[in-house]
Amino acid sequence: MSESEQRFGEFVVVRRHEQGHVAELVLDRPKAMNAVSTEMARSIGAACSELAADRDVRVTVVASSSERAFCVGADLKERNSFSDAELVRQRPTARAAYTGVLELPMPTVAAVHGFALGGGFELALSCDVIVADATAVVGLPEVSVGVIPGGGGTQLLPRRVGAARAAELVFTARRVEAGEARELGLVDILAEDARAEALALAARIAVNSPVGLRNAKKAMRLGQGLDLRAGLEVEDAAWRATAFSGDRAEGVAAFNDKRKPQWPGE
C-alpha cells in the first residue's frame, strides 16, 4: 500500500494510505509521551482542518509514534509557566485540537497503546471507535491536579458509559488498565497490536460509500441526546442527502451487476 506523509509542525504527521483511502493522524512527540503543548495543539488543529477538507480520505486513524503512550494529556510543564492571562489566550488553541478530531466528518478510529490520560484520553474519546492493546492505561485525572477535563471529557465520557460511571471515574481521577477499560466500555476493542487492528478496521470501513459513511456519522452525532422523534428527523435528512447521490446510484448498480462499487464519493 503506497503512503505519503505530511508534517504539521514538529509534532504531528499525517500519513495517507492512498490505495485504501485511509489516513493516519500520528501524534509524534515521543520524548514527552505526546504531552500536548500549545505548538502541538495548533498542529493537531491544522492537520484536522486539512483532513476534513480531503474528500479522498474515508477513514482517519489517530495513532502515536511513542512506545510508551498514546498521549499523556496537556503539557503541564508548559502550563506551569503560564500566567492566568496566558492560559486564557491558550485556551482556544487547545480547544481547537480536541474539537478538530471530534468534528472530523469521516469515521475515526483511535489506536491506543500505553498511557491515554487526561487530554490524551479525550482525543481518543473524540473518535468513533477506540482500539487498545494490553498496555493501555486510560483515565481522566484532571481533578487530581486542580483542574477538570476540558477537552470534551465531561461530555463525551457520560455519553459513552453513562452518567454514574463517568462521575466515578472523573471524581476519583483513577487510571484504568486495558481489561477493565474494555469491561467498562472505555475502549471498544482489545487487540494484540492496537495500530494494526485500527488500520485493519479502517480498511474494512473504507470499502463502503464515502457519502454514506459521512452522512451516517452525521446522523448519529447530531441525533445523540435528542428524543426519538427528533432523532428520526435528523436521520431522514441524512438519508435524503445520501439517497440522491452518485454513490447511491453506483451502489445499486454494482449490487445488480455483482461487482465491487467504484464510489464517485459525491
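How many bridges join S5 to strand S7 (residues 115-117), and do the two run parallel or antiparallel? Two bridges join them, and the strands run parallel.

This is a predicted model, in which local features need pLDDT of at least 70, side-chain atom pairs count only at pLDDT 80 or more, and totals for chains, interfaces and linings use all residues. Residues are numbered from 1 along each chain as its sequence is written, and side-chain values use heavy atoms, with hydrogens and water left out.

**Two sheets**

Helices (H or I, at least four residues) and strands (E, at least two) are DSSP runs, numbered from the N terminus. Two strands pair if DSSP finds at least two bridges between them.

S5 and S7 belong to an open sheet of four strands, ordered S5-S7-S9-S10. Its pairing is mixed. Strand S5 (69-71) and strand S10 (176-177) are at the edges, each with a single partner strand, so one side of each has no neighbour in the sheet. Cys71 has Ala116 in S7 as its bridge partner.

Another open sheet has seven strands, in the order S1-S2-S3-S4-S6-S8-S11. Here too the pairing is mixed. Strand S1 (3-8) and S11 stand at the edges. Each has a single partner strand, so one side of each is left without a neighbour in the sheet. Some of the pairings in this sheet are set out below.

| Strands | Bridges | Sense | A bridge partner pair |
|---|---|---|---|
| S2 (residues 12-17) and S3 (residues 22-27) | six | antiparallel | Val12 and Leu27 |
| S8 and S11 (residues 189-190) | two | parallel | Val131 and Ile189 |

**Cores and a cavity**

A nonpolar core is a set of buried Ala, Val, Leu, Ile, Met, Phe, Trp, Tyr and Cys residues joined through side-chain atoms within 4.5 Å. Buried means under 20% relative accessible area, exposed over 50%, and partly exposed in between (1.4 Å probe, protein chains only). The largest core has 48 residues. Ile44, Phe70, Val112, Phe121, Leu157 and Leu186 touch the most other members. Helix H1 (residues 38-53) gives the most to this core, six residues. Another core lies apart from it, with 16 residues, including Ala111, Ile205, Ala206 and Leu213.

On a 1 Å grid over the protein atoms alone, a cavity is a set of points where a 1.4 Å probe fits but cannot get out; lining residues have an atom within 4 Å of a point. Grid points are joined across faces, edges and corners, and a volume is the space filled by probe spheres set on the points. One cavity of 30 Å³ or more is present. The largest cavity has a volume of about 50 Å³. Among its lining residues are Val138, Leu157, Arg174 and Leu186. Strand S9 (137-139) and H6 are the elements that give two or more residues to this lining.

**Single residues and rings**

Glu168 lies in helix H6 (residues 163-172). Glu168 counts as partly exposed because its relative accessibility is 27%.

Rings of Phe, Tyr and Trp (its six-membered ring) pair if their centres lie within 6.5 Å; planes under 30 degrees apart count as stacked, over 60 as edge-to-face and the rest as tilted. That gives one aromatic pair. Trp239 and Phe244 form it edge-to-face, at 6.1 Å centre to centre and 80° between the planes. Phe244 counts as exposed, because its relative accessibility is 65%.

Definitions and conventions
On a 1 Å grid over the protein atoms alone, a cavity is a set of points where a 1.4 Å probe fits but cannot get out, and a pocket is an open set with protein on both sides within 12 Å along at least five of seven lines; lining residues have an atom within 4 Å of a point.
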